[in-house]
Structure formats: C-alpha cells, structure tokens
Amino acid sequence: MTRTALTNARVLLPSGLRDDICVVIGDGEICALSSAPPDDAMIVDLGGKLLLPGFIDTQVNGGGGALFNDDPSVETIRTIATTHARYGTTGLLPTLISDDLAVVERGIRAVDAAIEAGVPGVFGLHIEGPFLSATRRGIHSEAKLQLLQDEHLDLLTSAKHGKTLVTLAPECATPAQIAQLVASGVIVAAGHSDASYEVVRAAIDAGLTGFTHLFNAMSQLANRAPGMVGAALEDDATFAGIIADGHHLHPATLRVAVRAKGAHRLMLVTDAMPSVGTDSPSFMLQGREIWRDGNTLHGSDGVLAGSTLTMAGALRGMIEQGRVPLREAAAMASATPAAFLGIGDRTGIIAAGMRADLVLIDREFTVHETWIGGEVSTAAART
C-alpha cells in the first residue's frame, strides 16, 4: 500500500486546530495522525493552509451547467459531483425537485448506477417533492405537486445503494406513511409546507428527522402558532439544513437558528443549481427561465430558485454572518450532515480509520485541493 503524508497544514480535528501533525492516508482511508511522516510515505507539503474534513451537501440540484431533473443520468451526476468537488464537496445527494414520478424513478436508477460505477462523492439521492404544499411551493411547479399515496411508497424505497432522503410536506402525507418510509430506511425531512406545529410534531413522532432549508418555504413562527419553524427550533433531536448565502436568510435569522439548533443539529446546504461553476446568466427549469442576478437566482416572478452557493461559500457565510467559529462551522459542513445521513462512523471528521475525505482551503476560503476517498480531485479550484 502506498501511503501519502499530508504535512505542513493547520489540521482541523474534532478537538480543534493542530499545526504539529501530519495526516497519513492510504487505501482510501486516514491511516494515522502522526507527529512526523512515516519513512515509507510520499510527502505532500500543504503550505500552511487549512485542512478540513470534506464537505457533505445533502441538497444539490445541479452544477456545471447540468440540472438533475433535466437528465437523470450517470453523466449528469458525474458532472454535478465533479463541479462541486472543485469547491470542497466530497459527498453529496443529487437532488430532484418536484417532477413526474417517472422522472423520480429515473433519478433513483441513475443514482444506483452512479454508485455502482464508482462516481466519486455520490452518497445517495434527495427526492424533494412532489409531495409538497402548493401554498409553500416556492419555485416548484404547482402542476407537479400531489399527495403521497400508499402506492408511491414502493418507488420511494426502491433505491439499492446509498441513502435516500425524501422531503415532503407533513400535511401531504400521513404519520403512518412517514413511519413506513423510515422503517424501510428512508430519511424523511419536512419542507415546502404550511403545516401547523401539531402536524409537524406528529410527523416527528412518526420518525421524521430533518427540515429542508430552514425558514424558507415553510410555516413561520408566530406568537400562538409556532408552525414548522417553531417545531424545528424547539426540537433537540432533529436536523435542519440551512442556506447561508446572505440572500435566503437575514444574518440575524441565521444566528437565531445557530443558537436554537447548535452545530450538531444545523447543517449547511447549497440548494445549488446549474449555474454553479459556470458564467451562464440563465437556465431553464421545467419550461421556466431562471435568471442570475449577482449571486441570486430567481424566476420572472422574483421567487428565489435555488442558489449559486458552494459549500466553501456556505462555510464562509456561516462564519461571517452567523458569527460561528471555524470549528463549529466546519462541523455543520461535514460531521453534522454525516450524522444526519447515518454515516458519521465513516466520514465527516479527520481521524484515523475514517475515509480520507478532505479539503484544503486558505484564509479566503478558496479551495486548493479536494481528496475523495484518498483520491486527489485534479479539478479543485485554484483561483
């Protein structure tokens, strides 16, 4: 086994930053953390930059000009994963927004095939809709929305590989259906929902464990109607994704979420669209043109349509706007989503025995290198 010793870096361990160790990787794993490189290891000098656990993004609609809904195929997944690896993402869930169930079936089969083919960084699939509220649909097409029926459960539980995350509106499903999905190994999150606090609590009791882009497209917290936001902020066991791009949330709202959920339950997501990694001013989304205005994406009606965010940008946003220390913000980008997906025993932190999923960044949050399972991503951004 050829081993590589990553030296001269500020390494972020669960206990904090260390500048006196090297990270030895081989056979796709972190072999050891040592004070000096082994004699038989190839030495790589990281130039004093920050070495962090690789980022895990549970909500990625597209990237590199490709949209998963447009062509649910292995090549589309490869394009999306390669693009986001340039920005430090070592694991992701390609995400389908609300569509016909035939497209959902194609997406499931494509992710299975991508994992079988060894496409780096694919951890499973996120099915966001079509079982969502028309009232809180955001950019999702109302024509695609429907209630969850028992006959849909076989499809949603049919993936052979990786993790399946389903975002649904609790008012569009029953607690029994949620419980059945969870019993079959599906991770269920709530989003695009106008559900009352009581309906959300019933969904949590049935096994729902996540909230999709907290605060956005969900019933808000009011004095006598806590809504989905209130249920999410109150609950200590559930996880919540959050878009820290400075557009989806006011910085004060971001900080409220941090105080309520903490770094162990709040996770960074991008909700990225095809614009990431391209200079294109627009793209088509189910027949509608989506325009890029600076770092925001919106339809002709002004509704936000995902984001141009990268995980490196999300990390920066959480630190600068959320006023969160690097150690906690990095956990929100790695260890916390790993825990949410149930893979925290394999990835998400830098420790001996873990997968060698790593990202090298500088003080400006520019990604200089990415390792996925110990393999260098030569497409890493360097500017």
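This is a predicted model: local features need pLDDT of at least 70, side-chain atom pairs count only at pLDDT 80 or more; totals for chains, interfaces and linings use all residues.
Helix 7 is followed by glycine 262, whose phi is positive, near 80°.

Helix 7 spans residues 251–261, and its buried residues are Leu254, Ala257, Val258 and Lys261. Around the axis they cover an arc of only 100°, which puts them on the same side of helix 7. Several elements cover these buried residues. Among them are helix 6, strand 16 (239–242) and strand 17 (266–268). Helix 8 and helix 9 also belong to this cover.

Follow that cover to helix 8, residues 311–320, which packs against helix 9. The two axes lie 9 Å apart, at an angle of about 140°. An angle over 145 degrees would count as roughly antiparallel. The angle here therefore makes helix 8 oblique to helix 9. Their crossing is right-handed. On the helix 8 side, the contact is made by Met311, Leu315, Met318 and Ile319. They meet Leu326, Ala329, Ala330, Met332 and Ala333 of helix 9.

Now take helix 9 itself. Six of its eight residues are buried, so helix 9 is largely enclosed by the rest of the structure. The buried ones are Leu326, Ala329, Ala330, Ala331, Met332 and Ala333. Helix 9, residues 326–333, also lies across strand 2 (10–13), strand 3 and strand 7 (50–53). Its direction is at about 65° to strand 2.

Those strands lead into a sheet. Strands of a sheet pair through backbone hydrogen bonds, either parallel or antiparallel. This sheet is open and has six strands, in the order 3-2-7-21-22-23, with mixed pairing. Strand 3 (16–18) and strand 23 (375–376) stand at its edges. Each has a single partner strand, so one side of each is left without a neighbour in the sheet. Further in, strand 21 (residues 358–361) pairs with strand 22 (residues 367–372). Four bridges join them, in the antiparallel sense. Leucine 358 stands opposite tryptophan 371 in strand 22.

Leucine 6 has valine 44 of strand 6 as its bridge partner. Strand 1 also pairs with strand 4 (residues 22–26), this time in the antiparallel sense over three bridges. There, threonine 4 has isoleucine 25 as its bridge partner. Where do the side chains of strand 1 point? Thr4 and Leu6 point one way, and Ala5 and Thr7 the other way. All four residues are buried.

Just after helix 5 comes glycine 207, with a positive phi of about 125°.

Notes:
Residues are numbered from 1 along each chain as its sequence is written. Side-chain values use heavy atoms; hydrogens and water are left out. Buried means under 20% relative accessible area, exposed over 50%, partly exposed in between (1.4 Å probe, protein chains only). Helices (H or I, at least four residues) and strands (E, at least two) are DSSP runs, numbered from the N terminus. Two strands pair if DSSP finds at least two bridges between them. Contact means heavy atoms within 4.5 Å. Axes are lines fitted to C-alpha atoms, for helices over the stretch in contact, and angles run from 0 to 180 degrees between N-to-C directions. Angles under 35 degrees count as roughly parallel, over 145 as roughly antiparallel, 65 to 115 as roughly perpendicular and the rest as oblique. A crossing is left-handed if the near helix is turned anticlockwise from the far one by less than a right angle, and right-handed if clockwise. The arc is that of the directions from the helix axis to the C-beta atoms.
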